[in-house]
Each structure stands twice: as C-alpha cells, then as structure tokens.
Amino acid sequence: MSDDKLLLVKDLTTTFATAGGDLTAVAHVSFDLDRNETLGIVGESGSGKTVLSRTIMGLQPRVNTTVTGSSVIDGFEVVGASEKEKRTIWGTEVAMVFQDPMTSLNPVMRIGKQIDEGLRVRLGMNRKDAKARAIELLELVGIPSPVERYSAYPGQLSGGMRQRVVIAIALACSPKLLMADEPTTGLDVTIQAQILNLLDELKERLKMSVILVTHDLGVVATRTSRIVVMYAGRIVETGTTRDVFYHHRMPYTRALLESSPKVSNESHTRLVTIPGRPPNLLNLSPGCSFAPRCTYATDQCHTERPELQPSVEPGHAFACWNPLPVNAEATLP
Amino acid sequence: MNAPRTPLLSVTDLEVTFHVHGHAVSAVAGVSFEIYEGETLGLVGESGCGKSTTGKALMRIVEPSKGTVELEGVNITKESGKALRSARTRMQMIFQDPISSLNPRRRVKDIVAEPLDCWKTVTGVERDKLISDLLSKVGIDPSVYGNRYARQFSGGQCQRISIARSLAMRPKLLICDEMVSALDVSVQAQILNLLEDLKAEYGLTLLFIAHDLAVVKNVSDRVAVMYLGKICEIGPADTLYESPAHPYTEFLLGAALEADPDSPINAQVLQGEPPSPMNPPSGCRFRTRCPNATQRCADEEPLPQEVAPNHMVSCHYPLTIHHKSTTPTVLEG
Amino acid sequence: MLRYLTKRLMLLVGIVFVISVGSFYLIHLLPGNPATVILGFGATPEAKAILYKQLGLNKPIYLQYFVWLGNILHGNLGISFISQTTVSSVIRSALPIDGEIIILSQIMAFAVAIPTAMRSARKPDGIVDRFLGATSFTLLSIPPYILIIVMVLFISIKLGVSGTGPSAYVSFGTDWITNLESLSLPAFTLATGSFVVYYRVLRSDLIATLQEEFITMARSKGLSQRRIMWRHAFRPSSVALLGAASVNIGGLLAAGFVVQYLLQIPGLGYTLILAINESDFLVVQGIVLTVSILVVAINFFFDFIINIVDPRISRE
Amino acid sequence: MSNFSLADAAIMVERPEKSRPLGLFFWICVFWVGLNIFGAIFANLLPLANPLNENFNAINAGPGLHHLLGTDDLGRDIFSRIVYGSRVSITVGLGAIFIGYGIGAPLGMLAAYRRGRFDAILTTIMYVLLAFPALIATIAVLSFWTPRSLLKIIVVIGIASIPLVYRVIRTATLSVATKDYVVAAKVQGATDRRILMKELLPNIAPIAVSFFLIGVATVIILEGALAFLGLSVNPPTPSWGNMINEARTVLAQNFWLAFFPSLALCLFLIALNFIGDRIRSHFDVTEVKL
C-alpha cells in the first residue's frame, strides 16, 4: 500500500552547525504524499518549511548540515545518498520552483539556455531538439512570443514572466513531484492568481504531485487537498485542508488563522494577536515550542513535548496537550 | 466612522517624473486626494503603480515635478531649507524594511531621540522621560532595551522602535509605506493593533500605503486604488470593497485570496501585465487590459465622477453600485 | 549596449585629451629654459632650432600645445638627445618586450588563480582555503622588487640556472627559447602579484555567487558540480575579476619598470629609467604618453569585455 | 538573500551581540605598527648609532653584539639605518594618504549623499584621473620636477591617491546613503550636516580605516620602487627602499645587507594589511551571521 505513495517522509531532521551551536531547523517530520496530490506546507518565517522542502529532495546546503531520518521519492532514498546519486532524480523525478524569480535565474545566461541545459545534460538531447523543446515549454507556461524570449536575459523580463520561466525550467525533464517554495510571494495579487492557476492546470495536465510551501493561508486554502502546519521546525498539525481550516485542534493553527486580516471583514475589525515572538531555535524549551505564547499553556506544556496524536477525522493529527474541543469550527470566522 | 470634514492634507494634481536613460518615466501622473483629520486613507495598488512614490513625494523625499501638497493649509511644495525640515516633522513616515530603517550603529534610545535632538525642543531629564514613555507605549521596555544597538532586534521590534521615533515630535499625519509587509502574520497583527491604539491616543491621521488588500481594508476608513500612476477609484473602505465601480478594482479584489477552503476560485483572472510607465497607453491607462474598453477609452481620459456618496471613480463605464446588506459573520471580538 | 559604449568612448576621448595635456606640461615643470635643460648648455643652434620647431617654444603656451599635439599625431615624438634616434623608434623597439612580459605573467596568474579560487570557494574556511588565504596574504605584502631580488639570488646565483639573471635578455627573434628563459623571472614576479589580486577577488565573489539561489536552482536541475562552477558561478563572479585585471595590468606596466631595471631588460621601463638618469626628457615624455594611452586603451578593452560577460551592466 | 536555506532558520536566532573577536595576531600587528611609528618619531632620542656614521673598522660585519644587525660596506650600523629609514617610508605613506583622504574622502561622501549633477561631474573627473596610471604619473612628475624633496614626493603621491580614495569612500557611502534610516533621519528634520556625521560617518568608518591602512602599505611599496629608480630621497639619507637597492649589488657576498631592510619592510606591510583586512571583516557584519 505504501508503495503507492510518491513521497514518504519519516522522522526527517535537519541540523545546521552554526557559530551559536547546533540549530535544528527541521525536527522529526513525517508525512506522505499521494500521486497527483497537492500538499501545502504552511508556517511563518523560521518554522523550517523552506529547509524541510529542500531536505526532502536532498537540496540542503552541503556544508555544516546534518540530515537524519528518511525521505523516499518514488522508491529512491534521498537521505544518505551522495550528491552524484541525487543528481539522477533531480530534474527528472523531483524539481523545484523557487521563491524569488529575481534571484533564482542566472542573470548572465539567456533564459533559453537555462531551460535547455537540463534537457541536454539530463536527457541527452541534441542542441536543436533541446531548443525546440525549450520553446515548447515557454509556450506551455504561457510566455508570449517564446521564440524571441528564448534568447532574452532574465533582466529583460517582468517578475511574473520570470516565475513562468522558473516553472518551465522545473518542468523541463517532466518531474513527478514539483516542490513550489513560496512561488508567488514576491508577485502582485493579479499575477499571483495567474501563476497559481497555471500551476493547477499544469499539475492536472502533466499528472504531477505538488508540494506548495507558503506562509500565506490564502494560497493553500483552495489549492491543496492536505496541509501540514509547521512551528519551530516541527509539524504541529496536519490533515485535510478542510479539517485544518474548520476542525483544527492546535491553538497555534487557530491563532494563525485568526491573526491574518480578511478582505471580507469590516474595516477596523480588531485582530486577534499571538503574543510574543517566534522562538529562538538555538534555545528551545524542552516542552511545546509554542507554549510561551499560548493562552492555554499549562506546566506540562512547558516541560514535556507533545507528540502528534490523531484527532477524530481520519488523517487529522495535532501536537498539543490541551487541544481545542472537537467542534472548534465555531471559532472560525 | 464619522470623520470631520476639514482636510488635513490636500494633494492636487501631483506628478512625479523620473529620468531613466533620458526617458521620462511618469511614476505618479496627476494624483489628487484629500485626507481628513482623524481618518485613515488606504492607498492600494500593485508594485510599480506609484503608491510608494506618492507617499515619498508628500514628504518631498522625492521631488514632485508638478502639483501641490498642502498640510493644514500650508503649501509644502513651496517650502525649502529649515521650513521644509520643520514641515516634515508634522508628517512622519514609516518604511517597509524595519531593519534598514534603523541605523545599526546607534542605540535605541538615541534613535528614538533623534528628532528631539535635531530640534532641541526638550533636553535633559525631560528628554529621557519622553523617550522612556514612547518606548513603553510601543511595547519596548526602555530600561532593558534602551541602551542596545538597533542591529540586535527582530523585524517586529524594529518596526515598534520606528513607530516610537515617528511619534516623538507629535506629528499630525503618519505615512505608513508597506509597514507590515515584511512581517510575519502573527507579528503583523500585533503591529496593526498597536497602530490603531496609538492613532486613537495621539489623534493621528494616517495614509496607509500597502499592496495587501485585506490589511488595507482592516485599517482604513477610505481607500484609494492606484493603477499606473493614477488613482482609478477612491471611496469608503467597506462600500468600495463590497461594490467596486472600477473594473480594475474588481479584478484586484477577485484575485485576493481568502484563507477559506470554501471560497470560490475566481476563474476570471486579469490577464497580461501592466504596461511600462515609460510609454503609458493613451486615454484610460487600464484600457489595454480592460474587457469593457472601447474606442472612447483610448481617445478620452476618464475624469473622476461620483458614483455614490464620497465614492469617486475614473472610468467611462463604471460598474453599477449595489449595496448588499452586510451580515458580518465574525464570531469573535 | 551601443549607448553605453558610445558614452565610454566619449569619456575615452576626454581622458586621452587630459593625458596629452599632462604629458605636454611635464616639460614645463623643468626649472629654467626647456631647450637648455633638454639639450644641455653645449647645444648647437641647429639642435635648438629643431627643438624649438618641435615644441613650438617661441609661441604662447596654448599654441605650443597644439604644435606639439600636431607633431604627436604625425608620429613625431622628437629626437632622443642621447641616442640621436627618434623617440618613436626607441619606443617601438622597447614596447614588445613589455607586451611579452605582461602577457606571459597574465597567463601564469590566471592559470593559477582561477582553479585555486574555485577550490577555496567550494569550502570557505576549510584547510585548503586557509592555507591559500595565508599564502596570498603573505605574497600581498612582498613588493615585486624584493621578490625579484630573492628570485635572482636563489635561482640565478645559488642554483645557477643560466639565462635568468640580470643582462641575460635575448630577443624573441634571435632565439625564442632563450628569450622565454630570460623573461621567465620578470614574468613570474609580476604573475605573483597578479595572482594574489585575482585569487582574492575571484574567491570572495565566487563565495557570494555560490550562495545565490540560482546556484541551488542549477543544483536542483541535476547538473554536475563542475558544470555549476564553470557555467553558472564563474561568469557572474568574473566581473570584479576583470575589473581588477584592468587596473592591475595598467599597474603592471609600471611595476614592470622596476623589475626590468633590476634585470636590465631593455623594455620601456629600463629605457625610461636610463632616460631619467641621463635627463633625456623627450624620451621620458614619449614613454609616459605611450604608456598612459596604453593603460587607458586596456581599461576600455576590459570595459567592453565586462559588458559582454555581464549584460546587466550596460542595462543597469 | 545571502545564505539560502539558512536564511529561513536564521531569523529565529537572536541577532548576535558581537562578532568574532579580533584575535591575538591582530593585536600583535597593532603593537608592531605602533613600535615602528614610535621608532620613527623618537629615533633621535633612542640610544642608536648615527646612521650616517661610517666606521671603516667594521665593514660588512655580521649581526652581533656591537651592531645588532651588522654593518654595511661603509661600516654603517644597519639596525640604526633601518630605524631611521622607517621615517621616510612612514612619513611618505602617512603623509600621502592624509592628503588623499583630506580631499578625496569629503568629496566622496558628499557626492554619494547629494547625488545628481554634483556627483556626476565629480565622478567623471575622478574617473578620468583614475585612468591615469598613478605610478607612471608619479614617476613622470618626479623626474621632471627637480630638485626632489620628501615633500614633493608626498604631494605627488598624495594627489595621485585622491581619485582612489574618492572612489572607495563614495562607493561605501552610496551603500549606506540608500538605506531607509538615512531617509528616516531626513524625515525627522535632520540637517544634511547631521546626517553626514551621525548616520553616514559611523557606518563607513570601518571601511575608511581599513582602506587607509592598506593605502599606507601601498604607498610604502611605491616609495620603495621610487627609491630603486633613484626618484626618492637621495643617499646617504637611509630609507628602506634605497637600503635594499644599495645592497642588491653585493647580494651574493653579503646577503644580510638586503635581508634586514627587506624583512623590516615586509613585516610592516604584513602588519598594516592584516589590521586593515581584519577591521573590514570584523565590522562588515551588519546582517545576521550564522
């Protein structure tokens, strides 16, 4: 049964050796992903969502980084594999769309070259075929006049166009899993809508699975089937998108949902805030990392770390000693 | 909100032109609006629409090429030297990047005291007391943090310090330029609430510039929407959001993502990208992307017309205003 | 791009103008009557007449400049007071030697600096990087004239390697192997200084570039490390390197003077110093003018290369 | 956007109170530079042999008790000549760079702060001057501008260094002047003068100091080269450069003669360069460091 899963992540932990000591950016994360499914990873900055998404595909920094646990992409164990071994799946099995199209494209290389490079190196295409395919890809991601754009430099394109190019590069070798790390964060709302629609459409067309990493709950709400909520490097709640939005049990999930302003709210609606600041990862308490900011925290929360435990709905789990009642949906606006 | 009808700030026909490689780029192309005492005007638009430039031109951080800015009846565009510097203290500005808006090599106390030291209005004990008060007001303990260097603070704390500094001279008008867009949601909510509290306490008037529609609605009494250097619509926040009259506003609102899995995915997405401000379209600047555009839109620039009380729109074919009865579904305070 | 180059070209013309004025004015720094100082007290009236014609000395100073400039533009830099040959022929015979030394030294410097910088940048603060860092730092603080003395002492004198010491110069046309031998020490000395500069500049830029997101992007495409280093990291990191090379090569022309002088290699530097010592002022003026214009031309050439390497620069 | 994956985690870490300490070697270098300067200033008051005193009873003596570092072919005490010789190097190095900073630094700061036409014109002029190879220009001027003196050397090198200083200071200021806190200060109603002194100066000071030291080192090398070409101070006045130059003819016979002044020169340069380099890397860290 588990063979059917495209991605199996088990007990994945990423630690950086820093000047201030060991910093565990991702701690004991486990989840899985079906084929042709879209999963959202949600968290604030420093929650470890970006590090997690990179560790899953083995793309963490090469120096001063330790990874333990397991991440299996379509039968390939990423953790412990050498860079050379991982190169056999990068691009062809799993590819990544980065947050900032400004910095994720090589500024001094024509965009066409950046697309067909993967085709030639990984798929062994000749120059001519690769160019033809690259132009096809540019067309696929909705870039007008792709033949001319093929020889443009990234600096000559707008932000939205650049992000389309980044997507074209990621799709070049037809990966089964697409990791999208904040793919729309730097973009304007109208462009964001275009890009999200494009990703949705391509996912259906190319039968991919997508992991959507974002801080924006609005992005994951309607585009994913399941969600993982992260805080201080750990999963604090996971379940179907509806369960996480309507039946969340973890106070942090609720606080996150309530603290962001909504377009549908009347102006001057008082926002619910989470007191305090995100924790210092170098100096975590032995208990729940959210406890210092949590209104429900008890002594146990400060001393003992809660593990993920199942809620009533299938696949819904949360890590909390004092979870919200099961009918928590009443608190959602 | 019942704002008294004396404009604190009137902006008439403001234009800002930059020169890039000998080409004139009209970043702000004839903007007029008024801000009444005690209200918050939200200025929203996508990147490059000139909203930030407008804010900076009001303070004359960038020089307007045309138009007038009157603060309490005094024309700021005519002032220079000491009079200009003094006029600036009656308006204050808070910037997007909280970390770069504080000098990393100065102590927090000195940063907050900067305006007082510039003008020598208060000195000695009185000065220290005032600084301590301000810091406490924004939630920074002056006895613990006052002597620390700015470089040791997180983004949210830096933004608090910026706010304290901006209040030192008791300004009338506060211009907030994307002040929460670099912050995490949980911190963003804290800062927005703090801003509302301080606005009431200090009797401030706000110009709130941001790209996030939900945030703008949350703080504003009235909202102005900018597109390519011009204001296309301005009106009371709640009615403008509920029933936009300009097609661009409608697209913008349609693209805003709600953190709710049940919200419909808006199929009608604004296509294309804004034209270059170096070579703006004739007539209505939005016509190149507007589904309703006709020849008239290319020939004739639409002038602002009132479609509802205090609700102005610059469009030849405004959408019909309909007032739904608003039933707020907010269940908590 | 075209716009940018036109702008640069206009600047180039301005710079050459300033250089010509500067070089022209040098003569007037001399105390007393230039003719007397240049030709000595025993000069014949004919020689003086030629000089007066050459420099236009009996005219107002701004006219003198134009007379002088007109002569220069016709390739007439005057006559060497010592050798009685034209200054331009003196320069023509000496210049290729400088060119050869500089080209040799630059080949050596780049050949070592690029791979070592890449090796360092792959693991900053690793053992190799620390070693190379300390080495380059020490070399940075050793002036070329000390380095050449040490090399002469150990290679030519102690080891007795023939054809490397002072006055061993043989021209390329005579015997190119001996020629290369005789230029190996000066080229190596200049290469050392250049290596330090190139290594340090390229290393720090590569470290910065390797942390860029587009490198991770290239990694995620499944490209090999070698390919990432050469195809993705090297080009955007080489702008500062080329800038440094541009300044450095200009400096080398000058630094080469001392080395040439110490090894008695008859390049421009040696010629210049002999001319200074013998008060052969027109030769000095001619060499200063030539070298300055060469330096400016080299700068312009590198500007052009940098623009091709990084198209962002002309676009801003 | 510097350290990709770490950036995400980095925000969680308190920004560090202090960067790495300067280290022992840094302080050794500071001591060494201090000692050299002390020697140069108080050479007359120190119990040193007269550097010009020729003693034909002790020619080419090796290092020993009587003459710490030996004597040269005229029997002059090498140690004493090195200490006196440092005067020339240090005076020229400091003097020239002071001139360069005195003119180049304020202009660079002003240009970067005011921008506009003022900046454009000044930067073009400096670019033109910079294209002039400094060493050639110095050699040219010094060979014509006779009689030579220490002051002339300092003035010529000093003027040649102005465009370099200008460029470094302007670039450093530019990176600071575009920061929001400078705009913020303007918004508070601070005068230009106040902004230059309070906001810009403290932030460019580390780079300025660092480049100052490296500049002094470069000028000292340049002075040595001029000495080789016979364009610096005239013998018998000792300078590190002309000591090495004189010694090179007897290199095979008396190695020490060239060795000690070379060593003095290199050690001083290493110390200056190291201090400069360390200051820059120490203070350049304004962002999160992991």
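This is a predicted model: local features need pLDDT of at least 70, side-chain atom pairs count only at pLDDT 80 or more; totals for chains, interfaces and linings use all residues.
Two strands pair if DSSP finds at least two bridges between them. Strands here are DSSP runs of E with at least two residues, helices are runs of H or I with at least four, and both are numbered from the N terminus.

Residues are numbered from 1 along each chain as its sequence is written, chains are lettered from A and ligands numbered from 1 in the order in which they are written, and side-chain values use heavy atoms, with hydrogens and water left out.

I turn to chain A. Strand β1 of chain A, residues 7-18, and strand β4 of chain A, residues 65-73, pair in the antiparallel sense over eight bridges. Within this pairing, A:Val9 stands opposite A:Ser71 of β4(A). An open sheet of four strands in chain A has the order β2-β1-β4-β5, with antiparallel pairing. At its edges stand β2 (21-33) and β5 (76-77) of chain A; each has a single partner strand, so one side of each is left without a neighbour in the sheet.

The domain assignment, automatic or from a database, divides chain A into domain 1 (2-224) and domain 2 (230-261 + 268-318). Contact means heavy atoms within 4.5 Å, and the contact between them takes 26 residues from domain 1 of chain A and 14 residues from domain 2 of chain A. The C-alpha centres of these two domains of chain A lie 27 Å apart.

Next, chain B. How many residues of strand β8 of chain B are buried? Six of its six residues, 205-210, are buried, where buried means under 20% relative accessible area, exposed over 50%, and partly exposed in between, with a 1.4 Å probe and protein chains only. B:Thr205, B:Leu207 and B:Ile209 point one way from β8(B), whereas B:Leu206, B:Phe208 and B:Ala210 point the other way. In a regular strand, side chains alternate between the two faces of the sheet.

Strand β3 of chain B, residues 40-44, runs parallel to β8(B) and is joined to β8(B) by five bridges; here B:Thr40 has B:Leu206 as its bridge partner. Strand β7 of chain B, residues 173-177, is also parallel to β8(B), again with five bridges, and B:Ile175 stands opposite B:Leu207.

Now the interior. A nonpolar core is a set of buried Ala, Val, Leu, Ile, Met, Phe, Trp, Tyr and Cys residues joined through side-chain atoms within 4.5 Å. Which residues touch the most other members of the largest core? In this core of 169 residues, they are D:Ile139 and D:Leu200. Its largest share, 19 residues, comes from helix α10 of chain C, residues 225-263. Leaving aside neighbours within four places in sequence, D:Ile139 is in contact with residues including C:Phe257, C:Leu272 and D:Leu226.

Chain D itself has 10 helices and zero strands. Buried residues make up 53% of its 290 residues.

For A:Cys301, the nearest cysteine sulfur, that of A:Cys320, is 6.1 Å away. A:Cys301 is buried, with a relative accessible area of 7%.

How values were computed
A disulfide is a pair of cysteine sulfur atoms within 2.5 Å.
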